[in-house]
Amino acid sequence: MEPLLAIEDLRTYFINKDVQVRAVDGIDLTVYPRQIVCIVGESGCGKSMTSLSIMRLVPKPRGQIVSGKIKFAGKDLVQLTEQQMSDIRGNEISMIFQEPMTALNPVLRVGEQITEVLIRHRKIGKREAMKRAVEMLRVVGVPRADEIVSEYPHQLSGGMRQRVMIAMAMVCDPKLLIADEPTTALDVTVQAQVLELMKRMRDDFGTAIILITHDLGVVAEMADHVVVMYAGQVVESVGADELFAHPLHPYTKGLMASIPSLDDEAEKLYSIPGTVPDAREFPVGCRFADRCPLVQTSCRERPPELREIRPGHLVRCGLV
Amino acid sequence: MEKVVSAPQVSSGDSKSTGNVLLQVVDLKKHFPITSGLLRRTVGHVRAVDGVSFTVQEKETLGIVGESGCGKSTVARMVMRLVEPTSGRIIFDGQDITRLRGRELRRIRSNLQMIFQDPYSSLNPRMAVQSIIAEPLVVNTQMTGKQVVERVCELLETVGLHADDRLRYPHEFSGGQRQRIGIARALALNPKLIVADEAVSALDVSIQAQILNLMADLRNEFNLSYIFISHNLAVVRHISDRVGVMYLGNLVELTSKRELYTNPLHPYTVALLSAAPEPKRRGRRERIILQGDVPSPSNPPAGCPFHTRCPRVMDECRIQRPEMREVRPGHFVACHLHA
């Protein structure tokens with residue numbers, strides 16, 4: 001199958017005078033139609049910057065896509081003009097964010113925000129657009145959809161706001177939906193509702209999803225394929241079943257062992273010592289070396305490559 | 001006279017506690033007034049906490065879980081006497097502290113400390129770490145300057161930082177390190193009880209594990225009791241001896257952690273446990289997805305607060321609010337199904 005999205009050696013840096021922050025430092029990522037790919041990692045690993053790079057929304061002027069390709073449906077998004085890109089955003093690729101209250105415009109009614117997308121991309125009249133907006137809100141499970149369209153975001157609960165965001169993202173039937181920590185601000189029971197809804201969107205509309213999260217629980221719930229990021233790089237990339245059955249990178253293993261479980265009672269949690277290295281001056285060798293329990297001298301000498309250890313299982317570790 | 005409901009007294013099987021009650025909370029309520037108009041007339045109340053009773057024993061960790069708006073933070077703040085309870089009693093170390101003021105309250109506070117959620121906003125950015133940690137010592141003790149510095153160094157090392165860090169400012173530290181500073185400050189006066197409100201929620205997983213381990217070590221070393229409040233069921237399970245589940249201002253279930261996680265009785269607890277995403281359960285879970293949202297605490301439903309979302313609701317639940325009952329030894333639940 002042809003991939004829907006193929007990112008090759010993407011580098012997104014923040015450049016300020018002579019300081020260079022390598023937020024995304026050479027990542028490869030492939031997403032197939034109907035696939036749910038989870039990007040998992042801790043704060044500062046570059047997962048959000050990857051998604052903003054795909055949307056070409058990296059904060060300017062300091063943030064820049066320095067090199068790499070983002071191939072989407074036959075085009076390289078990096079090369080598109082702003083005008084061409086805005087035809088894609090919200091239409092072929094759309095995005096939902098962590099905090100729906102800040103992503104929604106507080107002074108526009110819900111209906112206006114959804115119809116705006118339709119009017120921009122589908123060139124249809126207001127009345128027709130409003131009809132589609134109400135329909136879409138019903139699809140995402142918003143009760144009283146015909147009344148909600150004339151309400152403001154602050155009148156809705158967190159879960160409802162995220163549903164409105166999803167309705168807005170899905171209304172033009174995009175091929176790819178990027179969700180950046182969509183349930184982090186939500187309560188557990190509401191999170192379960194929203195995750196279920198996203199799966200249904202994939203099943204019913206065939207939308208591929210890139211789901212960015214720090215929560216391995218959410219990954220286990222949703223992912224077909226998982227990409228683990230650390231310090232701007234992909235350290236492990238593999239199908240989700242394989243990841244949970246046989247994680248290979250020491251960082252992935254450490255992450256899994258750090259999570260307290262609902263099912264067993266370990267007295268002491270494993271914790272990864274130390275902190276993430278400074279993105280202004282990454283070490284020469286492996287970026288995880290300082291925190292790795294298996295570190296050897298060779299790890300610090302040259303950077304490990306992302307290698308295919310088993311069919312479809314890529315790991316960036318010289319020891320595996 | 002208000003009715004005093006006796007708090008559940010439990011000694012759980014796997015608790016490390018000595019059986020001496022350190023904190024007793026009896027039928028605690030907090031109703032925040034909703035005001036309106038020029039004269040700030042009270043037009044209603046938000047029933048943030050609506051009659052909560054529990055005990056914390058010496059050396060015990062009581063976990064409180066619940067979703068946003070369930071009143072768990074308000075309970076924490078009332079125990080700390082940062083929020084005035086509308087009614088109910090707080091008995092700490094044998095003394096009723098519900099209405100204490102001034103000097104007496106300050107004296108109690110040295111035994112009662114708090115760790116906050118956000119390590120960015122809970123440390124004064126203009127104060128060096130030394131002044132932050134020393135503040136409770138300067139206010140509450142007669143220590144000399146030199147003794148204070150010694151104590152600050154000792155505390156920093158206790159929480160895994162360096163004595164030299166005392167001269168730095170909060171912005172120079174990462175989130176996990178800041179949380180360590182917050183813990184050092186809480187420990188400064190050798191408290192008996194520490195209330196931790198979402199103390200690890202803002203941290204990354206690998207850092208969260210470090211802080212949880214630190215808190216567990218400190219508990220053993222200094223014989224602390226914790227009230228550990230979180231929305232994260234797995235984190236609460238990890239650190240607690242007993243766990244209480246709150247919903248809409250009420251405690252709906254309270255028991256030892258093993259009992260709660262293996263044999264949950266309240267339908268809300270069951271749903272909460274099944275909804276929590278858990279890596280080890282990939283591909284083998286049956287989920288109960290609750291419909292709808294939590295009702296507004298300014299207009300809570302009649303009868304059982306959970307009846308609007310409960311998958312097993314009965315007619316009785318819509319009329320009669322269930323009382324907290326001990327349905328098995330040490331297992332309290334407020335539900336008509338288990339009457």
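1. A residue is called buried here if 20 or more other C-beta atoms lie within 10 Å of its own, exposed if 12 or fewer, and partly exposed in between, with C-beta atoms placed from the backbone. Helices (H or I, at least four residues) and strands (E, at least two) are DSSP runs, numbered from the N terminus. This is a predicted model, in which local features need pLDDT of at least 70 and side-chain atom pairs count only at pLDDT 80 or more, while totals for chains, interfaces and linings use all residues. Residues are numbered from 1 along each chain as its sequence is written, and chains are lettered from A and ligands numbered from 1 in the order in which they are written.

2. Strand β3 (residues 61-65) of chain B is largely enclosed by the rest of the structure, because five of its five residues are buried. B:T61, B:G63 and B:V65 point one way from β3(B), and B:L62 and B:I64 point the other way. Two strands pair if DSSP finds at least two bridges between them. β3(B) pairs in the parallel sense with strand β8 (residues 225-230) of chain B over five bridges, and B:T61 stands opposite B:Y226 there. Strand β9 (residues 242-247) of chain B also runs parallel to β3(B), joined by four bridges; B:V65 has B:V245 as its bridge partner in β9(B).

3. Chain B also has an open sheet of four strands with antiparallel pairing, in the order β2-β1-β4-β5. Its edge strands, β2 (41-57) and β5 (95-96) of chain B, each pair on one side only. Strand β1 (residues 21-36) of chain B is joined to strand β4 (residues 87-92) of chain B by five bridges, and the partner of B:K29 in β4(B) is B:S87. Helix α1 (residues 72-79) of chain B lies across β1, β2 and β4 of chain B, at about 115 degrees to β1(B). Axes are lines fitted to C-alpha atoms, for helices over the stretch in contact, and angles run from 0 to 180 degrees between N-to-C directions.

4. In helix α3 (residues 129-140) of chain B, the buried residues include B:V129, B:I132, B:I133, B:A134 and B:L137. Their cover includes α4 (145-158) and α5 (175-187) of chain B.

5. Which residues of the largest nonpolar core touch the most other members? They are A:C38, A:L137, A:A167, A:V219, A:V226 and B:I227, out of 192 residues. Such a core is a set of buried Ala, Val, Leu, Ile, Met, Phe, Trp, Tyr and Cys residues joined through C-beta atoms within 7 Å. Its largest share, eight residues, comes from helix α7 (residues 158-170) of chain A.

6. Chain A is divided into domain 1 (5-92 + 179-268) and domain 2 (103-171), with bounds from an automatic or database domain assignment. The contact between them takes 11 residues from domain 1 of chain A and 10 residues from domain 2 of chain A, contact meaning C-beta atoms, placed from the backbone, within 7 Å.

7. The contact between the chains takes 34 residues from chain A and 32 residues from chain B. On the chain A side, α8(A) gives the largest share, six residues. That side divides into 15 nonpolar, 12 polar and seven charged residues. Ala, Val, Leu, Ile, Met, Phe, Trp, Tyr, Cys and Pro count as nonpolar, Asp, Glu, Lys and Arg as charged, and the others, Gly among them, as polar.

8. B:A339 counts as exposed because it has 12 C-beta neighbours inside 10 Å.

Definitions and conventions: Contact = placed C-beta atoms within 7 Å.
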